[in-house]
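Hi,

Here is the structure I promised to pass on.

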Amino acid sequence: MLAGVLLLIFLPPLVAKDLCKDSQDGFKVRLSIKTGLGDDAYEWNESEMFLFRSTLAYAMRKHSNQDTYTIDNILVCNDTQRVSFVFVVTSTDDPDQLIPKEQVELAVRQNKHRINNAFLLSDMTLEFMGIPPTLSAPIIYDTEPWLIVFGVVIGAVAVGIVALLMSTVSKKRRAKEKAAGLSEEDEGIVKENGTALSSLGRKEGVYNQAFSNDDRFTKL
Amino acid sequence: MKLKLPNPGLEDRILSHDELERLEVEEAGDRPKWDNKAQYMLTCVGFCVGLGNVWRFPYLCQSHGGGAFMIPFLILLVFEGIPLLHLEFAIGQRLRKGSVGVWRTINPYMLGVGIASLCVSFLVSLYYNTIIAWVMWYFFNSFQEPLPWSQCPINANRTGLVSECERSSPVDYFWYRETLNTSAAIEDTGGLQWWMILCLISAWGVLYVCCIRGIETTGKAVYVTSTLPYVVLTIFLIRGLTLKGSIDGIKFLFTPDLNELANPTTWLDAGAQVFYSFSLAFGGLISFSSYNSVHNNCEQDAVIISIINAFTSIYAATVIYSIIGFRATERFDDCLSGNILTLLNTFDLPEGNITESNYQEALHSLNTTNPDIISSLALKTCDLNSFLSEGVEGTGLAFIVFTEAITKMPLSPLWSVLFFIMLFCLGLSSMFGNIEGVLVPLQDLKVFPKSWPKEVISGVTCLVCCLVGLIFVQGSGNYWLALFDSFAGSIPLLTIAFSEMIGVVYVYGIDRFNEDLIFMIGHKPNIFWQATWRVISPLIMLAIFIFYFSTTVTKEIFYIAWDPESENFPTLEKKPYPSWIYVIIFLLAGIPSLSIPCTAVFRAIREYCCKKHPSAPVREIDSVTYKVHIQDEELKTQDSVYR
């Protein structure tokens, strides 16, 4: 009687260990806590293992949409000092049956982000051997940033070229007018009383103060 | 040894000292002038200090015995660089013309030297501006976080990284695939790469804006382009010194190995570096100094610019190697951590059991207990010195090694922007000199009609260069650029420099040259200048030329190609050139060099066949009396129109 009771108590863990050790559906997990967190690294102990098993149970629940997965469905073995171990997932209906590898893989991939965050680790520091990390989507820009900078530079260059060419053209025009004015001056001396007819050719004329309109002071 | 070759008619061709004095006082010449001395010095410094100071000198220094390389470098600087520089400055200031004008004045048969300078300046401008286009491409791409060359892109079906990138590295992939899109061989043109065409257009556009009115506009631009590199180098030095491993890099660079001094290649490489670093024989320096006032102290300028150039080379080498030291240390650390991780994972040891300090003992103890497992792991050998001596120079240094180092620094986009702005300024200020060496000879040779304004001439030249430069934006463009760099910019320059020395010293006459210097700077150049101009520097030039010529002609010429299908990928593969390339090599190196004798022969034939009549129309000369005479004539014709 006593022997039977003892066998009943000790059999499940032994069976469980066998399920875990010999199975093909297990995954090896490796954590590099010190590498990932440096000085903030936490100790790996039973409670952390408990957390791991519960997050995996959570992942299985989400993947299969069955709320029946519990922590007892996650079996762990081959615990090492490296902080690496193997786990298997047992089915909720039959504790001796394991969930196939592909299912577990899908569950883990879907929820890797949540599992990583629970342990403050990343894809590099929390590795599931055989499950490659999902690559993040490449950033897609509406306009490539380099085109924007290129546009700015080309715009500045175009503005510079136009400004310099305009200044050359206006300088030439001014020089031409000055030369035209100079050659007319050579012919006649411009006098204040304007006897030389050439002064009529100039646009500005000669400012004669006697005829100014500034009569602010003369009005009574 | 006062050898002087016969040179009839020299007096008629040059302005006498009195005429020069009058020109100076009355400012009756229509030649442009520098606004102030600072502009002239900055332009010359900018022309001399270029990309070579950043990516060629550090490599030479490190590969030829570190600190010991300074000895041949400084010796050859004093005996080769400074005399040649002084010669070019003095002759330009005296004859007040660009390179073609100067050589035609000295002796019409030496016109070929000017034409050779024009050809070389043109060929070098073509490919140099392409390098600036590449720098601009990297600059444009630096305004994003993370930098595009810090990680491999994901392949089309999102299962992994692009295979070419995975096998090499993200920086290699970005350079060879996303920037150049190189073809596997020079025969494969690979088509034009549209993004590179845009960058090429922007490079020529910026150059056009700065050169549009000659030194009027470049003189303003050099205030920024010549000073900014020094600011950025200082910033990088401060940043570099705070990074781990930088001191190792600097120590590695300067550790002297005096045995290298016995190696003749060291001396020849030092001589070549001094020569190319000073941008001699391009004709640009002669042009720049011709805009100076006649009594400018060109001797002092030559010495100052040489010192600045040498200082910049050493300073840049320090900065570059501090960053390379950082990168090498990072790589070494990564290599070691990788090995440690492998060991921990294989033996399931707790983390922190094996660290960098006890790695060797741990490896040894594990090797004694489980040798077969250790050998199956294929651990990499991590050696800091091998990472440091990954001797990279040229574009590889700037676009692969340095960009990788930048990705490892915090705030990478900032450092990337700064670095590429520095390279851009260094390249652009050198381009000013190259373009000057193209534009002024074209004007002297009267290729363009006189009525065309300066803006149009520079515009047409830039447009033509841009169109021809499209060779370098094809898939195989990188290989063409390497070809041009090796052949257009090496042997012709040596022949031109040698001809220049012979021309000034023996054709123009060292006596006349000395008198000119007495007139210009007030004292006769001392025995050092006499000895170097007459004997020492020409001999050095001849020695370097013979060495280069013999090594180029005798050895088989290879180029290194990026070929994803080769077995040694990612190592670059050595491929032989196809046979038709030899024709192009001959054109690149031969045409400038052979134009020196050919022009003389051509001119001699012309003189002999069509003998000139004695009553030929008055040749245009740059004399004051002649110009006043012309102005009088013009006024007379104007008056007659009005009356």
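Let me start with B:Asn296, which sits in the loop that joins helix H16 (284-290) to H17 in chain B; helices (H or I, at least four residues) and strands (E, at least two) are DSSP runs, numbered from the N terminus. B:Asn296 counts as buried because its relative accessibility is 9%, where buried means under 20% relative accessible area, exposed over 50% and partly exposed in between (1.4 Å probe, protein chains only). Leaving out residues up to four places away in sequence, B:Asn296 touches B:Lys37, B:Tyr40, B:Gln93, B:Asp301 and B:Ile521, a contact being heavy atoms within 4.5 Å. B:Lys37 is 259 residues from B:Asn296 in sequence, yet their C-alpha atoms are 9.1 Å apart.

A word on the basis: this is a predicted model, in which local features need pLDDT of at least 70 and side-chain atom pairs count only at pLDDT 80 or more, while totals for chains, interfaces and linings use all residues. Residues are numbered from 1 along each chain as its sequence is written, chains are lettered from A and ligands numbered from 1 in the order in which they are written, and side-chain values use heavy atoms, with hydrogens and water left out.

Another loop residue is B:Val49, between helix H3 (37-48) and helix H4 (51-55) of chain B. The UniProt annotation "binding site", from an unreviewed entry, covers B:Val49; such annotations are given in the numbering used here, with shortened feature names, and may be inferred rather than shown by experiment. B:Val49 counts as buried, since its relative accessibility is 5%. Among the residues B:Val49 touches, not counting those up to four places away in sequence, are B:Tyr230, B:Asn309 and B:Leu426.

Now the interface. Chain A contributes 34 residues to the contact and chain B 37 residues. Together the two chains bury about 3,000 Å², with 65% of it on carbon and sulfur atoms; buried area is the accessible area (1.4 Å probe) that two parts lose on being put together, summed over both. On the chain A side, A:Arg82, A:Leu135 and A:Trp146 supply 24% of the area buried against chain B, more than any other three residues. There are 2 salt bridges between the chains, each a side-chain nitrogen of Lys or Arg within 4 Å of a carboxyl oxygen of Asp or Glu. B:Asp348 forms a salt bridge with A:Lys28, with 4.0 Å between the closest N and O atoms.

Best wishes
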